[in-house]
Amino acid sequence: MNYPVLCGSSAIAEELPKFLSVNSTTHPVETIDVADDNGVLVVSGSLTPQTRDQTAYLVSSGVETLVLNTRTLFNKSKKQQEINSITDKAKHLIAEGKDLLVLADNNEEHVIETKETGVKLGLDDPAISKLVSASLAEITKQVVDDTGLKRLIIAGGDTSGTICRTLGIKGNHVLQEIETGLPSGLAIGREMLIVLKSGSFGGQDFLGKAILHLKKLSNVEK
């Protein structure tokens with residue numbers, strides 16, 4: 001099979017559409033039901049300085065916040081209690097139409113304690129990170145399944161990957177760029193609007209912008 005392959009500077013991609021024959025298409029959001037009376041859920045597992053600033057800004061703006069105590073995750077019983085507690089509160093707030101941030105504890109002292117506990121149990125940093133991401137994914141899936149949530153923002157590369165796999169999301173139709181390198185998307189595998197943000201990307205107010213952006217997208221006239 002012969003497939004054309006474009007090579008060269010990325011700037012070519014910016015100019016090429018001017019010379020291509022493009023047929024107008026229906027906005028993908030108009031073809032499915034993404035209307036949602038729930039609040040927007042933001043889940044953060046990243047410890048980068050940029051994400052710390054972004055979540056702090058979101059908290060200061062008055063967005064409801066639930067903090068996952070990562071120091072409980074090494075004990076099976078305490079871990080499940082913590083996950084259940086966060087999940088129950090999250091479902092209630094989301095169903096009331098309130099935007100919500102679910103945040104892995106990023107207090108520096110608590111992060112150190114979490115890592116020290118993990119090391120004592122023979123876990124390295126990647127293993128500890130996976131444990132935190134898996135816990136956030138379990139919370140997210142229960143909230144999505146039980147509320148029908150269709151607007152989700154995830155901060156952190158590992159967290160995004162784990163949550164998407166847990167939700168059965170296999171890909172992402174890119175919709176609109178919110179900030180440079182940070183677009184919204186239409187999930188493939190589950191009808192949801194999503195924003196996946198690498199830890200070090202975005203300005204201080206990005207998460208707030210993303211919430212407003214998803215609300216606007218979900219109100220596209222059918």
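Seven strands, written here as 7 strands in an open sheet, line up in the order β2-β3-β1-β4-β7-β6-β5, with mixed pairing. Two strands count as paired if DSSP finds at least two bridges between them. Helices (H or I, at least four residues) and strands (E, at least two) are DSSP runs, numbered from the N terminus. The edges are β2 and β5 (171–179), each of which pairs on one side only. Neighbouring strands are turned by 20 degrees against each other on average, direction ignored; axes are lines fitted to C-alpha atoms, for helices over the stretch in contact, and angles run from 0 to 180 degrees between N-to-C directions.

A quick note on the model: it is predicted, so local features need pLDDT of at least 70 and side-chain atom pairs count only at pLDDT 80 or more, while totals for chains, interfaces and linings use all residues. Residues are numbered from 1 along each chain as its sequence is written, and side-chain values use heavy atoms, with hydrogens and water left out.

| Strands | Direction | Bridges | A facing pair |
|---|---|---|---|
| β2 (residues 64–68) and β3 (residues 100–104) | parallel | 5 bridges | Leu 66 and Val 102 |

Helix α3 packs against it, touching β1 (41–44), β2 and β3, and its direction makes about 170 degrees with that of β2. Helix α5 also packs on the sheet, touching β1, β2, β3 and β4 (151–155), and makes about 170 degrees with β1. Contact here means heavy atoms within 4.5 Å. β2, α3 and β3 together make a right-handed β-α-β unit: with the strands pointing away from the viewer, the path from the first strand over the helix to the second runs clockwise.

The two helices also meet each other. α3 (residues 76–95) and α5 (residues 125–147) pack at about 40 degrees, with their axes 9 Å apart. On the α3 side the contact includes Ile 83, Ile 86 and Ala 90, and on the α5 side Leu 131, Ile 139 and Val 143 are among the residues involved.

Zooming out, the protein chain has 7 helices and 7 strands, following the pattern α-β-α-β-α-β-α-α-β-α-β-β-β-α. Its C-alpha atoms fill a box of roughly 60 × 40 × 35 Å along the principal axes.
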